Amino acid sequence: MLSQINAFLEANQTINVKTNEPLSKYTFTKTGGPADLLALPTSVPEVRQLLVAAKQNQLPITVIGNASNLIVRDDGISGLVIILTAMDQIDVQGTTVVAQAGAGIIQTSEAAYSGSLTGLEFAAGIPGSVGGAVFMNAGAYGGEISDVLTSAEILTQDNEIETLTNAELNFSYRHSLIQENGSIVLSARFEMAKGVAPTIREKMDELNALRAAKQPLEYPSCGSVFKRPVGHFVGPLIQKAGLQGHQIGGAQVSEKHAGFIVNRGGATATDYLTLIAYIQETIWHKFEVRLEPEVRIIGKKSE
Ligand code: FAD
């Protein structure tokens with residue numbers, strides 16, 4: 001692996017690439033092991049160059065966004081990790097907003113507000129990137145990315161740029177085609193409606209106040225850990241099972257919102273994963289409900 005890494009570094013001297021970089025510096029949970037290589041490209045040509053060099057050197061590729069819906073295992077990630085947050089341009093033209101994958105969805109929703117455009121108020125407090133929000137079909141308070149997205153530009157595994165329409169992205173609850181086809185989202189196009197700026201602001205502020213009242217924003221977390229099972233709500237199920245406040249290592253079921261697991265200090269990814277498994281097992285035994293993680297779990301599994 002060392003010679004492949006060195007050859008990769010040699011080929012990408014003009015791009016910001018770090019070696020053996022702890023991903024706990026980037027994840028919202030403040031947990032996770034190192035990436036062999038972490039690249040922070042600033043343009044699409046740089047991303048394509050990275051893909052070519054990774055392929056030539058047989059290095060696996062993992063793309064992450066703001067790492068707000070992610071648990072990276074403690075053994076880290078082999079090969080190349082690409083973070084797109086340096087590609088964060090947002091353009092507003094008429095009723096269209098085009099945002100690069102690394103732009104924050106919060107910043108995108110603010111840009112829409114600045115143009116008096118309505119439709120992205122629901123996303124005003126979702127701390128992900130545009131790429132991550134498309135991948136997850138992020139949503140809140142009755143809205144979802146798929147409600148406003150018209151198309152996304154992607155880079156296929158063959159390093160080709162393609163534009164996929166909303167229908168082609170095959171969105172459903174916290175799901176998009178990108179979860180299956182291994183492409184990289186480069187940018188997204190949103191078609192919005194003209195609105196009234198103070199009304200848009202009022203809605204965004206109202207939703208953010210609701211969020212602050214209900215969610216443990218004072219601690220590191222990865223948002224809602226589990227998807228909503230049909231016919232149930234995750235938080236009340238976990239409360240009913242007596243698990244609120246339950247702690248393993250530094251990871252704790254939030255005392256404020258039982259659907260969140262917070263890092264109370266010094267948590268590891270293993271603490272998170274052990275607690276997730278314990279919650280799943282308990283909820284299955286008590287209620288016969290299967291909780292499926294919404295959070296994405298990636299990285300090397302120790303033997
Ligand atoms: P990451 O966590 O970095 O990655 C998530 C997945 O997307 C990974 O599998 C990654 O490989 C993939 N990915 C990321 N970028 C790309 C790309 N450019 N191309 C291809 N794949 C990519 N989510 C909601 O839906 N609604 C909420 O209300 C909400 N509230 C939250 C509140 C808090 C406090 C926190 C911490 C999280 C919350 N989340 C919420 C979760 C999270 O913010 C969203 O899922 C968000 O869309 C993830 O984006 P990200 O850039 O952080 O993705």
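The UniProt record (an unreviewed entry) places the feature "domain: FAD-binding PCMH-type" at residues 30-195; positions are given in the numbering used here, feature names are shortened, and annotations may be inferred rather than shown by experiment. Over residues 30-195 the chain is 23% helix and 34% strand, with the end C-alpha atoms 38 Å apart. Helices (H or I, at least four residues) and strands (E, at least two) are DSSP runs numbered from the N terminus. The model is a predicted one, in which local features need pLDDT of at least 70 and side-chain atom pairs count only at pLDDT 80 or more, while totals for chains, interfaces and linings use all residues. Residues are numbered from 1 along each chain as its sequence is written, and side-chain values use heavy atoms, with hydrogens and water left out.

The domain assignment, automatic or from a database, gives domain 1 (2-83), domain 2 (90-200) and domain 3 (216-298). The C-alpha centres of domain 2 and domain 3 lie 27 Å apart. Their contact (heavy atoms within 4.5 Å) takes 5 residues from domain 2 and 4 residues from domain 3. About 490 Å² is buried between domain 2 and domain 3, and carbon and sulfur atoms give 51% of this area; buried area is the accessible area (1.4 Å probe) that two parts lose on being put together, summed over both. On the side of domain 2, M136, Y173 and R174 lose the most area to domain 3, together 77% of what that side buries.

Where does R174 sit in the chain? R174 belongs to the loop between strand 12 (161-165) and helix 6 (178-181). Its side chain meets that of E294 in a salt bridge (3.6 Å, N to O), the term standing for a side-chain nitrogen of Lys or Arg within 4 Å of a carboxyl oxygen of Asp or Glu. Across the interface of domain 2 and domain 3 the rule finds 1 salt bridge.
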